[in-house]
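Please look over the sequence and the structure shown here, and then read the briefing that follows, which is grouped by topic.

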Amino acid sequence: MQTQVIKTRSGNYVTMINGVETFVSKDGCQSNPVINPCFDHLASHNCRPVEIDWSNVSEIPLAYQAKLDEIEAARLSYLNSDEYKMVQEKHIRAKEMEKEKIESEYNELLSANEVIPATVTNLCIILRYLNTVNWGVWRLPQMSISYSANQYDCDGVQATTITLDQPISDEDYGIKGKQKFMVGGKSGHLKNYQRLR
């Protein structure tokens with residue numbers, strides 16, 4: 001990891017880690033606000049983004065570099081700690097439990113209905129399940145309205161869509177006359193689809 005601290009002519013100290021702006025301070029010797037996600041565990045730091053006019057770069061203060069080295073040592077220590085490992089294991093277990101719940105809801109829906117009613121609630125269950133499975137192994141259930149399903153990569157985040165042959169409405173979800181539904185993906189992608197959770 002390459003770190004660099006620079007002082008702008010306006011008096012701000014800016015830290016670059018691998019060419020990415022990570023934090024800025026008026027005083028290189030004091031605790032500095034951190035915005036790089038690598039430093040999330042340093043709860044004593046407040047987040048705020050920075051912008052740099054690179055034409056103003058002048059010098060690198062040594063005291064600020066020492067503070068950066070101290071923060072980097074704390075980050076590495078945390079990443080090797082039992083606390084961090086426990087947090088990671090808890091996160092993995094939570095994801096596994098969520099996947100089991102999604103599969104269970106889907107299997108209950110299939111066992112209760114030979115032809116699944118095309119409701120928003122049922123679409124949520126089907127879409128959530130399909131989003132956990134690669135589209136190449138899908139076995140799509142029969143629904144009361146014909147449909148097509150697709151899976152997309154939205155800048156590294158998987159999205160699954162269903163397009164019904166006829167529109168449906170559901171007052172509980174605030175949906176009126178929609179045919180295209182999706183789960184997953186990033187905001188700004190697949191804008192023609194009604195996002196479900």
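Pro141 counts as buried because its relative accessibility is 10%, where buried means under 20% relative accessible area, exposed over 50%, and partly exposed in between (1.4 Å probe, protein chains only). The model is predicted, so that local features need pLDDT of at least 70 and side-chain atom pairs count only at pLDDT 80 or more, while totals for chains, interfaces and linings use all residues. Residues are numbered from 1 along each chain as its sequence is written, and side-chain values use heavy atoms, with hydrogens and water left out.

**Surroundings of Pro141**

- Pro141 lies in the loop between helix 3 and strand 5; helices (H or I, at least four residues) and strands (E, at least two) are DSSP runs, numbered from the N terminus.
- When residues up to four places away in sequence are not counted, Pro141 touches Tyr106, Leu110, Ile116, Ile126 and Tyr147, a contact being heavy atoms within 4.5 Å.
- Although Pro141 and Asn113 are 28 residues apart in sequence, they are 9.7 Å apart in space, C-alpha to C-alpha.

**The largest nonpolar core**

- A nonpolar core is a set of buried Ala, Val, Leu, Ile, Met, Phe, Trp, Tyr and Cys residues joined through side-chain atoms within 4.5 Å.
- The largest such core has 24 residues, of which Leu123, Ile126, Met143, Ile162, Leu164, Phe181 and Leu196 touch the most other members.
- Two or more residues of this core come from each of helix 2 (82-112), helix 3 (120-131), strand 5 (147-154), strand 6 (157-170) and strand 7 (175-184), and helix 3 gives the largest share, seven residues.
- Leaving aside neighbours within four places in sequence, Ile162 is in contact with residues including Leu123, Ile126, Tyr147 and Phe181.

- Four strands form an open sheet in the order 5-6-7-8, with mixed pairing, and two strands pair if DSSP finds at least two bridges between them.
- Strand 5 and strand 8 (194-195) stand at the edges with a single partner strand each, so one side of each is left without a neighbour in the sheet.
- Strand 7 and strand 8 run parallel and are joined by two bridges, and Phe181 has Gln194 in strand 8 as its bridge partner.

**Asp170**

- Asp170, which is placed in strand 6, has contacts with Val120 and Ile175 when neighbours within four places in sequence are left aside.
- The side chain of Asp170 reaches the backbone nitrogen of Asp172 at 2.9 Å.

Key: A polar contact is a pair of N or O atoms within 3.5 Å; within protein, one must be able to donate a hydrogen and the other to accept it, and residues adjacent in sequence count only if both atoms are side-chain atoms.
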